[in-house]
Amino acid sequence: MRASFFPWLIMGWIGFAILPWYALEDGFWAFEWLIDGYPFDSDYAPALLQIFQDKEWLLPLLFPLLFPLCVFNRVKSDPKYASTLVISGGFGLAYILGQGFSVGISGWEFSTLESLFGPLETRQFGMGYGALLTSGAFLILLTTGLAAAGNLRGDVFVTSAIGIVVALVATFVFLPVGKILVSAFINDEGLYALSTFTNNFFTKKIWGIDCLSTSVSCGVGLNSFFLAILTATSTTLLGLGFALVATRTDFRWKKSLRVLTILPIITPPFVIGLALILLLGRSGTITQFVADLLNIEAGRWLYGLPGIWLAQTLSFTPIAFLVLIGVVEGVSPSMEEASQTLGASRWHTFKQVSLPLMRPGIANAFLIGFIESMADFGNPMVLGGNYDVLSTEIFFAIVGAQNDQSMAAVLAITLLMFTLSAFFAQRIWLGKKSYTTVAGKADSGIHAGMNPLLRRICLCVTIPWALFTIVIYGTVLFGGFVVNWGRNNSFTLQHYAEGFGIGWSEGNLVWEGAAWDSFWTTITISAIAAPLTAALGLLTAYLLVRQKFGGKNIFEFGTMLSFAIPGTVIGVSYILAFNVPPFELTGTAAILVLCFMFRNMPVGVRGGIAAMSQLDKSLDEASLTLGANSFTTLRKVILPLLRPAIVAALVYSFVRAITSVSAVIFLVSADHNMATSYIIGLVENGEYGIAIAYSSVLIFVMLSAILIVQKLIGERKLRRTNRLSPQSDTTKSPTNSAPMEKQA
């Protein structure tokens with residue numbers, strides 16, 4: 001194949017010679033320069049014209065755009081073909097980034113360059129579509145050249161996919177996080193000093209253990225770690241219980257139970273905390289009822305560790321369920337059937353066969369619960385009391401009176417240390433064992449039902465929890481229809497009218513409610529971010545599970561980094577990184593979309609890894625043997641078997657974009673206000689009724705979106721029956737298995 005890179009080279013020339021090179025306040029697509037007849041003094045001009053406007057630093061980009069033409073007629077096996085593309089793509093990409101970080105809004109960014117070349121008479125704006133398109137072209141030229149040189153078996157799709165993911169993670173994860181973490185070593189004089197880090201790190205505020213001998217609270221590091229262990233354990237066990245009830249029992253209301261498990265994930269975290277306070281706080285309805293009934297004083301037990309743990313378990317159990325449901329469904333029924341055929345009981349089959357095959361899902365659910373608890377901001381903020389944790393301390397260090405960015409960075413590093421430890425512990429626990437349960441051949445067995453005792457335990461745990469969830473959400477919905485919850489319970493629609501009123505003026509529909517602007521902005525940005533997040537997460541999971549390449553562990557670590565850092569830190573780091581060239585994104589909708597993408601991508605990655613670990617690699621090999629390339633194999637073989645992971649990634653990324661709090665409060669602007677930021681403002685002003693009404697509307701919208709996604713994606717078809725074995729918990733002889741298999 002000749003000149004397969006040519007379309008990408010054309011794309012680079014379009015970005016360099018036609019599209020605006022810089023993004024200004026009027027937006028990316030401001031074609032003033034084209035309307036005015038290519039004025040040479042326009043800041044909207046493409047790079048080819050910017051060269052004549054005292055921006056000579058763009059001139060060297062002509063070399064990597066012209067050099068590939070030297071191998072236009074050469075075949076891919078020619079060594080010069082690969083080396084030319086690698087040199088052109090690598091140099092072009094490195095030069096764009098180098099000049100982008102070297103020239104800023106006030107000239108040279110480094111005094112050394114100014115002493116060498118003299119002061120600049122002009123400045124540089126952030127990258128526009130022209131620069132981004134040209135950078136993308138250089139990246140594809142580089143990866144195409146690497147594939148032509150024999151890397152990754154010469155697979156252009158895999159090489160390009162790795163290059164794209166690495167570039168995106170480096171830009172939107174490592175760059176912003178590095179910006180704020182490096183400040184942990186900067187002293188009050190603005191100089192780098194190791195003592196600044198050590199003095200802040202080795203303090204009782206983080207590692208204090210006075211709580212073991214006195215009533216004084218432990219350090220925030222130990223508090224956060226203990227809370228995360230409790231939350232990860234409870235959410236994983238509850239998620240597994242719900243997954244087993246939904247897939248391995250004939251419980252009549254299991255579909256309704258399945259819907260209830262996802263309700264907490266579609267609610268802003270502080271709303272759950274507010275509902276718990278209204279019910280279980282010192283003046284809460286249930287607390288007062290119990291206090292009056294038993295003639296005791298109402299307590300404040302909710303504020304502190306018990307309350308945060310309860311709220312986090314409510315909030316994060318759905319995530320564990322979404323990760324585990326696909327893994328539980330993916331266990332091969334023929335393996336369970338074979339175990340029972342050999343005389344094993346249902347309990348022994350579950351313990352020795354089913355549960356070990358669920359280990360990837362259990363490990364990933366525990367890891368996500370641990371990280372979510374560590375990074376959670378809303379619940380500790382509302383219910384923390386005297387129980388301080390890392391996420392809230394980071395927030396107060398940044399926005400509080402102390403404004404200690406160095407201390408905030410040290411706390412962020414401490415949090416990252418805990419989450420990385422959990423990540424590596426998970427890797428060690430899983431080991432290198434195979435968890436494959438889905439192969440290329442048909443699997444017509446019947447899933448074994450649960451042991452009666454295990455079934456009763458699961459139902460006795462999940463049903464009360466589901467009822468408790470109903471009470472919580474009943475409280476939320478009830479609060480939107482009363483004047484003042486707990487004080488004046490008279491029915492009213494005033495809260496909904498103020499937030500979402502609709503009128504008619506001069507024959508036109510008018511959105512009169514004050515919440516409509518933030519509502520439509522939130523829905524639009526979330527709808528854009530969700531599919532991008534799911535696609536990037538599942539593509540990354542495919543590369544991690546199915547491909548072997550150097551630095552894969554670092555690659556996987558990079559994909560989890562943004563998830564391990566609390567949203568507060570992510571929000572501040574995005575402001576520091578993307579407020580100046582070469583990436584000026586602050587105040588735009590793009591920075592919100594990018595923040596949601598890379599903040600929520602790890603859930604798609606972990607869910608994809610857990611589901612893909614069950615798919616036999618022979619499926620890929622068979623497809624490749626029959627002549628399909630990697631992209632076709634991924635699209636037609638792998639993705640149809642990942643429907644639960646796709647649903648989980650889409651659902652999670654969509655609802656978390658709507659319900660995110662900690663990062664959003666730093667990134668919203670007057671033109672792009674998000675729902676959670678607006679609700680926080682309502683809560684701060686004491687307008688709880690409107691805040692709860694707004695939350696109720698969001699719950700309805702997100703629940704509808706989840707049902708639509710599940711309907712569109714559908715269920716994966718494994719040529720298996722969804723029926724459960726009707727046998728009792730006794731051994732089954734081989735002679736009895738054949739009729740049952742025929743019946744299935």
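These exercises walk through a predicted model of one protein chain.

Residues are numbered from 1 along each chain as its sequence is written. Local features need pLDDT of at least 70 and side-chain atom pairs pLDDT 80 or more, totals for chains, interfaces and linings use all residues, and side-chain values use heavy atoms, without hydrogens and water.

**Exercise 1. Work out how α18 and α21 are oriented.**

Step 1. Take the geometry. Helix α18 (residues 359–375) packs against helix α21 (residues 405–430) at about 175 degrees, with axes 10 Å apart. Axes are lines fitted to C-alpha atoms, for helices over the stretch in contact; angles run from 0 to 180 degrees between N-to-C directions.

Step 2. Apply the cut-off. Angles over 145 degrees count as roughly antiparallel. Therefore α18 and α21 are roughly antiparallel.

Step 3. Name the contact. Residues of α18 in it include Leu367 and Phe370, and those of α21 include Phe418 and Trp429.

**Exercise 2. Find how many salt bridges the structure holds, and describe each one.**

Step 1. Know the rule. A salt bridge is a side-chain nitrogen of Lys or Arg within 4 Å of a carboxyl oxygen of Asp or Glu. Side chains of opposite charge can pair when their charged atoms come close.

Step 2. Count. The whole structure has three salt bridges.

Step 3. Take Lys205 and Glu393. Their closest N and O atoms are 3.4 Å apart. Lys205 lies in α10 and Glu393 in α20, so the pair ties together parts 188 residues apart in sequence. Lys205 is partly exposed at 34%, while Glu393 is buried at 13%.

Step 4. Take Glu372 and Arg656. Here the closest N and O atoms are 2.7 Å apart. Glu372 is in α18 and Arg656 in α30, so parts 284 residues apart in sequence are tied together. Both residues, Glu372 and Arg656, are buried.

Step 5. Take Asp620 and Arg546. The closest N and O atoms are 3.0 Å apart. Asp620 is buried at 8%, and Arg546 is buried at 10%.

Key. Helix = DSSP H or I, 4+ residues; strand = E, 2+ residues; numbered from the N terminus. Parallel < 35°, antiparallel > 145°, perpendicular 65-115°, else oblique. Contact = heavy atoms within 4.5 Å. Buried < 20%, exposed > 50% of the residue type's maximum accessible area, 1.4 Å probe, protein only.
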